[in-house]
Amino acid sequence: TDLSLMLDVHLMCVFILFYFLGKKARTFDLEAIFEQTRRTAIERSQRILGVQGGSDSSDSDSEIIGPPVPSQPVAQEENDEPIGPPLPPGYRDSSANSDDDEAENPVKKIPDTHEITLQHGTKTVSALGLDPSGARLVTGGYDYDVRFWDFAGMDQALQAFRTLQPCECHQIKTLQYSITGDVLLVVSGNAQAKVLDRDGFNVMECVKGDQYIVDMANTKGHTAMLNSGCWHPKMKEEFMTCSYDGTVRTWDVNSEKKHKSVFKPRSQQGKKVVPTCCTYSRDGKLIAAGCQDGTIQIWDRNMSVSVESHQKHHNLSEIDNPVICQRG
């Protein structure tokens, strides 16, 4: 029995040995395993990201890799309730009252969209004149030029239709059209005023006085540089000039050989005073002159004597281009 048992154990060992030694070794396809692992990882990432798609879209290179893009924050609705301490009394919100400010500002009412720039020259423009109809403008400056501008016949170049030097090498001080607009008064730095027509041609030139005569009332015209001039508000043939010779003279366009009348400003001590500007009253009956000592002297046009004098408050010689305005 013991021998048979030993034989059975020996045969069982031999059978087990032949069973394991005779079985073929198992082989593995590594590429297939790697491909399966890659697909499994992609499918797992898609499930995590919540991306829906088939097997074709999973192989695309344009797939989003990484965490999901955060959504755009929703803008909160504006709250009309004020935040912070209350505003001080009398405070005005500029944004709320912008329309009211524009309505109150008179500058906003000017049609500045129609603004143009007229180039007179490279030097200072010292005189401007607009005819009563508003169709033509005349400019004068320190370059001795007088330019005529016609708005109706002006093209996009915005050029003057005529340029001339009526007073040669003298600066232009005053340019003014007559009440009818047919002639132009030109006052420059010389002693003789000129009157031109609308196209710039000479109509008359004031005569120059004798500078060796002491009494300026006995000369036919000015003997020194002119300061200002203006037309009579009612009579289209009469105009007035004032000069450094200490006189204010009235002229007639039809008589250029001599002035019509002469007025001589005087100080309180009776000395000669230089008039720097002059003008007529609205009805043309009075003549006013602003003088270098700060006084404003007024004459009756038909009397040649001073009827009223404004006391001096400051020196008019310290003011550039002093002007007297008549009451409107």
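1. Strand β3 (residues 146-150) and strand β4 pair in the antiparallel sense over three bridges, where strands are DSSP runs of E with at least two residues, numbered from the N terminus, and two strands count as paired if DSSP finds at least two bridges between them. Within this pairing, F148 stands opposite R162 in β4. The model is a predicted one, in which local features need pLDDT of at least 70 and side-chain atom pairs count only at pLDDT 80 or more, whereas totals for chains, interfaces and linings use all residues. Residues are numbered from 1 along each chain as its sequence is written, and side-chain values use heavy atoms, with hydrogens and water left out.

2. The sheet to which these strands belong is open and has four strands, in the order β1-β2-β3-β4, with antiparallel pairing. Its edge strands are β1 (125-130) and β4 (162-164), each of which pairs on one side only. On average, neighbouring strands of this sheet are turned by 15° against each other, direction ignored, the axes being lines fitted to C-alpha atoms.

3. In the model, the span 118-150 is 52% strand and 0% helix, and its end C-alpha atoms lie 11 Å apart.

4. L175 lies in strand β5 (residues 172-177) and, at 4% relative accessibility, counts as buried, a term that means under 20% relative accessible area with a 1.4 Å probe and protein chains only. Leaving aside residues up to four places away in sequence, L175 touches A127, L128, G129, V138, T139, G140, V146, L184, L185 and V186, contact meaning heavy atoms within 4.5 Å. L175 and V187 are twelve residues apart in sequence, and their C-alpha atoms are 6.6 Å apart in space.

5. Strands β6 (residues 183-188) and β7 (residues 194-197) are joined by a hairpin through five residues and pair in the antiparallel sense over four bridges; the bridge partner of V186 in β7 is K194. Strand β7 also pairs in the antiparallel sense with β8 (residues 202-205), over three bridges, and here V195 has M204 as its bridge partner in β8. The hairpin of β7 and β8 has four residues between the strands, and G200 takes a positive phi near 95° in it.

6. Helix α2 (residues 30-49) has 20 residues and reaches 29 Å from its first C-alpha to its last, close to the 28 Å expected at 1.5 Å a residue; helices here are DSSP runs of H or I with at least four residues, and the expected span is 1.5 Å times one less than the number of residues. G50, which follows α2, has a positive phi near 75°.

How values were computed: Buried < 20%, exposed > 50% of the residue type's maximum accessible area, 1.4 Å probe, protein only. Axes fitted to C-alpha atoms, helices over the stretch in contact; angles between N-to-C directions.
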